[in-house]
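Visitor: I would like to learn how to read a model like this one. Where do we begin?

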Amino acid sequence: MDRDEWAREHSDDKDRPLTDEGKKKMKECAKGLRALVPRLDVLATSALTRALQTAAILAKAYEKGEPVIVDALSPGQHPPALAAWLRTQGTQKTVAIVGHEPGLGATVSWFTAGSERSFLELGKGGACLLDLGDRIEAGEAMLLWVLRPSHLRALS
C-alpha cells in the first residue's frame, strides 16, 4: 500500500509498512551495504514499522539476530541522545542505525560539524559511514562516505 492509500485509510503514519517495492529495493541495498561493510556488531533501529522492517532486512543480509530498538532513533529526538546510547556500545564496534529523515541528516551533521542543521539527506535506503573515533561527541566524527540507494543497489 502506498503512502497516499495508507493516509486515506489510517490515521497514524508511524504504522505504515514498507511497500513490496520498498522491500525489494532494500534487499538489494542491504547486499550492496554488506559488500562495503562486511561486519556489523550492532544493528539499532527506531520502533516505527518501516524502520523495523528495514532493520529486519539488514539483519537477514548480515545474518544477525533481532535489531535493538533505540528510542534515540525515533523521529523528533536529538543527536546527543543517540551519542549517549552509542557511548554504551564501546568504541571498537561497527554499529548500523536505521532511522528517519530529516533526523538522520541532522545526526550526521551534528557528529561531523557540531550542528543539528542538516547538510545532507540520506533518503530512503541511503547510507553513510562515520568514524566516531574515541570521542563520541558533536563535531568529532569523520564522514567517510555517503551513498544513495541506487549506488548501494549497483554494488549488490
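Guide: Begin with a definition. The radius of gyration is taken over C-alpha atoms, and the globule rule is 2.2 Å times the number of residues to the power 0.38. Keep in mind that this is a predicted model.

Visitor: What radius of gyration does the protein have, and what would a compact globule with 156 residues have?

Guide: The rule gives a value near 15 Å for a compact globule of 156 residues. The protein has 15 Å, so the two agree. For the outline, take the principal axes: the C-alpha atoms fill a box of roughly 45 × 30 × 30 Å.

Visitor: How many helices and strands does the protein have?

Guide: There are 6 helices and 5 strands. Along the sequence they follow the pattern α-α-β-α-β-α-β-α-β-β-α.

Visitor: What share of the contacts with a separation of 6 or more comes from residues 24 or more positions apart?

Guide: Such pairs account for 63% of those contacts.

Visitor: Now the inside. How should I think about cores?

Guide: In soluble globular proteins, nonpolar side chains tend to be buried together. Here, 36% of the 156 residues are buried. The largest nonpolar core has 19 residues. Leu33, Leu43, Leu58, Tyr62, Val98 and Leu152 touch the most other members.

Visitor: Which helices and strands each supply at least two residues of this core?

Guide: Helix 2 (20–36), helix 3 (49–62) and strand 3 (95–98) do. Helix 3 gives the most, with 6 residues.

Visitor: Is Thr54 buried or exposed?

Guide: The cut-off for buried is under 20% relative accessible area. Thr54 has 13%, so Thr54 is buried. Not counting residues up to four places away in sequence, Thr54 touches Leu18, Met26 and Val98.

Visitor: Where is Val37, and what does Val37 touch?

Guide: Val37 sits in the loop between helix 2 and strand 1 (42–45). A loop position can still be checked against the same cut-off. At 12% relative accessibility, Val37 counts as buried. With residues up to four places away in sequence set aside, Val37 touches Tyr62, Thr94 and Trp145.

Visitor: Which residues does a cis peptide bond join?

Guide: The cis bond joins Glu101 and Pro102, with omega about 10°. Pro102 lies in the loop between strand 3 and helix 5 (103–113). Exposed means over 50% relative accessible area. Pro102 is at 65%, so Pro102 counts as exposed. The C-alpha atoms of Pro102 and Trp85 are separated by 20 Å, at 17 residues apart along the chain.

Visitor: What is the phi of Glu63, and is Glu63 buried or exposed?

Guide: Phi of Glu63 is near 55°, a positive value in a residue other than glycine. Glu63 lies in the loop between helix 3 and strand 2 (68–69). Glu63 has a relative accessible area of 69%, so Glu63 is exposed.

Note on methods:
Residues are numbered from 1 along each chain as its sequence is written. This is a predicted model: local features need pLDDT of at least 70, side-chain atom pairs count only at pLDDT 80 or more; totals for chains, interfaces and linings use all residues. Side-chain values use heavy atoms; hydrogens and water are left out. A nonpolar core is a set of buried Ala, Val, Leu, Ile, Met, Phe, Trp, Tyr and Cys residues joined through side-chain atoms within 4.5 Å. Buried means under 20% relative accessible area, exposed over 50%, partly exposed in between (1.4 Å probe, protein chains only). Helices (H or I, at least four residues) and strands (E, at least two) are DSSP runs, numbered from the N terminus. Contact means heavy atoms within 4.5 Å.
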